[in-house]
Amino acid sequence: MDEETVNHDDLWQRTYTSEDRESLKKVAADSLLPSGTYLKVGAGVLSKRTDAFNPGRPEANVMIRVAPFKPGSKTEVETKDDGSPRVVGTQFLRMSPVRVNWTTPEGQDTGQPDASSKLWTQANSAFRKTAGREPEGPAEVLDFLVDQPYRVRIIQKNTGEDAKGEPRNDVMAISALVSE
């Protein structure tokens, strides 16, 4: 579509067709990264907010770009012809230094930390292994997450026929970039 032939009023006000809905499903499926380990490349973008599900709980969100590792390597990423990392997607790390545990459907505390708590603990560990020392505080961990390379483990969610939600990728783990 070129700008001169697009009627924006018609485009945004029209009713979806079955072909449109199928196209949306295909875009969602094609947007998923394969489950695997990726390298965070370039600078991340940090935002801070309050957790929507746990009022009063601070939450950090870091938007990162990721590149796949070369087959069999734990440190070398796939590159483009110019030698730069082959960025394949953007992921969001949502975490909090304030622990919250999972609860059962009946509201009982399971004693297991939620994903935001777990990722925060892993981010601290990745900082410690990379820097060779303890972080001085949360701000230093956030700077690390924005500025430094590290590994992220990504999985696919809601991709089966009986899935209850939209297909998506989730970051399940953060770890230090270790030499081979």
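Analyst: What follows starts with one serine and then turns to the salt bridges. This is a predicted model, in which local features need pLDDT of at least 70 and side-chain atom pairs count only at pLDDT 80 or more, while totals for chains, interfaces and linings use all residues. Residues are numbered from 1 along each chain as its sequence is written, and side-chain values use heavy atoms, with hydrogens and water left out.

Serine 116 lies in helix α3, residues 115-131 (helices are DSSP runs of H or I with at least four residues, numbered from the N terminus). Serine 116 has a relative accessible area of 2% and is buried (buried means under 20% relative accessible area, exposed over 50%, partly exposed in between, with a 1.4 Å probe and protein chains only). Apart from neighbours within four places in sequence, serine 116 contacts Arg57, Glu59, Arg94, Met95 and Ser96 (contact means heavy atoms within 4.5 Å).

Arginine 57 also forms a salt bridge with aspartate 51, at 3.0 Å from N to O (a salt bridge is a side-chain nitrogen of Lys or Arg within 4 Å of a carboxyl oxygen of Asp or Glu). Arginine 57 is buried at 3%, and aspartate 51 is buried at 4%.

The structure holds nine salt bridges. In one of them, arginine 86 pairs with glutamate 78, with the closest N and O atoms 2.4 Å apart. Arginine 86 is partly exposed at 34%, and glutamate 78 is partly exposed at 23%. Salt bridges with shared partners also link Arg49, Glu59 and Arg94 into one network.

Note on methods:
Helices (H or I, at least four residues) and strands (E, at least two) are DSSP runs, numbered from the N terminus.
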